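Here are my notes on the structure you sent. Please read them with the coordinates open.

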Amino acid sequence: MPFERVNKATFHIFAVIAAAASGAVFLGALGNGFVSWDDPGYVVENPFVRTLAPGPAFTHVVLSNWHPLTMLSYAVDFGFWGLDPFGYHLTNIVIHAINAYLVAVLTLKLLTDADKAGKLSGPALIYASIFSALVFGVHPLRVESVAWVAERKDVLYGFFYLLALIQYMTYGRRKNGWAASYALSFVFFALAIMSKPMAVTLPVVLLILDFYPLGRFNAGPMKKLFMEKVPFFVLSAASAIVTLWAQTKAIAPLKAVPFGVRAAIAVRAYAFYLYKTVLPAGLAPFYPMPVRPFDGAFVISIFALAGLAVLSVAAARRARAVPAAFLYYLVTLLPVVGLVQVGGQAAADRYTYLPLLGVTVPLSAGAALVFDRSRRAAVIILVAITLALSALTIRQVPVWKDSLALWSRVIDIYAGRVALSYVDRGAELSALG
């Protein structure tokens with residue numbers, strides 16, 4: 001078995017430390033309040049969070065979204081904290097810390113399955129898993145998802161989505177599968193869907209896992225692989241229909257934003273998130289639509305994505321990890337990349353919450369190779385990256401302190417381009433006298 005190389009106790013100790021670090025960098029958010037963007041609709045002015053009865057959560061659409069589990073989680077918070085924002089932020093931080101632990105577990109499963117030949121040592125696998133968890137957990141792109149009360153749906157869907165993937169990895173590892181793990185994967189998927197519709201991508205991700213690292217494409221008839229995903233695809237289709245119905249009034253018509261412009265925005269967004277992963281500076285709560293969609297940034301983006309696509313195809317035979325990671329990144333971002341226009345934004349940091357695992361997990365595999373060659377160098381690299389990202393995250397958290405700080409940040413970066421920022425900041429200044 002692949003886990004025989006790994007000391008489980010050591011792994012879990014380090015995974016818990018990574019989770020604690022991922023929560024610690026967000027402790028500053030405990031002093032933050034509610035902001036004027038979506039927080040009133042979801043919590044402050046929402047009568048449905050004042051009861052734990054599940055009926056309203058399941059039968060009402062809130063701000064063009066149907067995510068009943070997210071609404072129920074707010075109701076639980078209200079039961080404990082009333083309208084004290086401290087408790088809502090605490091819940092976000094705790095769930096995110098748990099997610100960092102789950103990322104470590106998932107990464108370990110992925111890498112041990114990928115390294116069937118046993119080229120990596122047990123300590124290297126543990127190191128890689130912690131590397132992945134820390135980069136995921138302390139990266140400043142996570143701030144929007146964790147420090148904004150209204151984005152509870154990100155951390156909550158992430159929790160169930162990760163559990164679904166972990167259970168599917170357990171199921172796919174066994175020659176004849178394991179019914180309990182398959183059933184749990186489906187249940188967690190359903191819970192993820194009810195937390196945030198962005199989870200609809202999971203059935204395709206399961207097929208990507210079948211391709212690599214599980215290698216199930218070569219282990220039996222393809223028909224079986226697709227047939228066992230039918231319940232997942234049916235649930236995805238149902239969720240997509242409900243989401244489109246709920247967002248009917250929020251979705252911009254093609255006349256307002258032509259398909260060509262949407263495609264350009266999507267291409268730019270895919271490249272933008274990769275760029276911000278490497279250089280997470282100038283992060284903003286709101287990224288306005290580009291003034292000229294087909295400018296130099298678009299040309300650079302399309303060449304970058306084309307290069308990655310060519311690399312993935314070229315590596316498909318010898319290194320399936322490359323196309324698998326690239327496909328995961330493309331698929332998981334697809335629902336929010338801009339082809340369906342809601343909210344008038346070109347991009348949003350919160351959309352990267354799980355998709356960028358397509359970057360961090362392959363990086364962790366490279367980190368494992370470094371570890372087996374020089375443990376001192378590997379530890380120095382991990383500490384340096386963690387400290388640098390943590391410092392940026394700690395600095396970014398106060399952006400979500402209140403409405404004044406939030407909209408001032410948008411105005412500082414995109415002066416004159418986001419009307420909402422001036423309207424909401426003006427309202428906040430008026431309220432303050």
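1. The model is predicted, and local features were taken only where pLDDT is at least 70. Side-chain atom pairs count only at pLDDT 80 or more.

2. The largest nonpolar core has 119 residues, and the members touching the most others are Tyr161, Leu354 and Trp400. Helix H8 (residues 152-173) gives the largest share of this core, 13 residues. Leaving aside residues up to four places away in sequence, the contacts of Trp400 include Trp37, Trp148, Pro285 and Leu406. Glu144 is also among the residues that Trp400 touches.

3. H8 has 22 residues, of which 20 are buried. From first to last C-alpha, H8 reaches 32 Å, close to the 32 Å expected at 1.5 Å a residue.

4. Helix H6 (residues 122-138) agrees with expectation as well: its 17 residues should span 24 Å, and the end C-alpha atoms are 24 Å apart. Of these 17 residues, 16 are buried, so H6 is largely enclosed by the rest of the structure. Ser132 is found in H6 and is buried, with a relative accessible area of 0%. Beyond four places in sequence, Ser132 touches Val103, Thr107, Thr360, Val361 and Ser364.

5. Which residues make the nonpolar surface patch of about 720 Å²? They are Leu52, Val76, Phe80, Trp81, Phe86, Leu90, Val94 and Ile98. Helices H4 (68-81) and H5 (85-114) each give two or more residues to the patch, and the largest share, four residues, comes from H5. Trp81, in H4, is partly exposed at a relative accessible area of 33%.

6. Twelve salt bridges are found in the whole structure. One of them joins the side chains of Asp77 and Arg152, at 2.7 Å from N to O. Asp77 lies in H4 and Arg152 in H8, so this pair ties together parts that are 75 residues apart in sequence. Asp77 is buried at 4% relative accessibility, and Arg152 is buried at 0%.

7. Glu144 and Arg350 form a salt bridge, with the closest N and O atoms 2.5 Å apart. Glu144 is in helix H7 (residues 143-147), while Arg350 is in the loop between strand S2 (345-347) and helix H16 (357-373), 206 residues apart. Glu144 counts as buried at 2%, as does Arg350 at 8%.

8. Lys229 is buried, with a relative accessible area of 0%, and Asp210 is buried at 0%.

How values were computed. Residues are numbered from 1 along each chain as its sequence is written. Side-chain values use heavy atoms; hydrogens and water are left out. A nonpolar core is a set of buried Ala, Val, Leu, Ile, Met, Phe, Trp, Tyr and Cys residues joined through side-chain atoms within 4.5 Å. Buried means under 20% relative accessible area, exposed over 50%, partly exposed in between (1.4 Å probe, protein chains only). Contact means heavy atoms within 4.5 Å. The expected span of a helix is 1.5 Å times one less than its number of residues. Patches are made of residues with over 30% relative accessible area and no salt bridge: like charges are joined within 9 Å, nonpolar side chains (Val, Leu, Ile, Met, Phe, Trp, Tyr) within 5 Å. Accessible areas come from the Shrake-Rupley method with a 1.4 Å probe; for residues, only the protein chains shown count as cover. A salt bridge is a side-chain nitrogen of Lys or Arg within 4 Å of a carboxyl oxygen of Asp or Glu.
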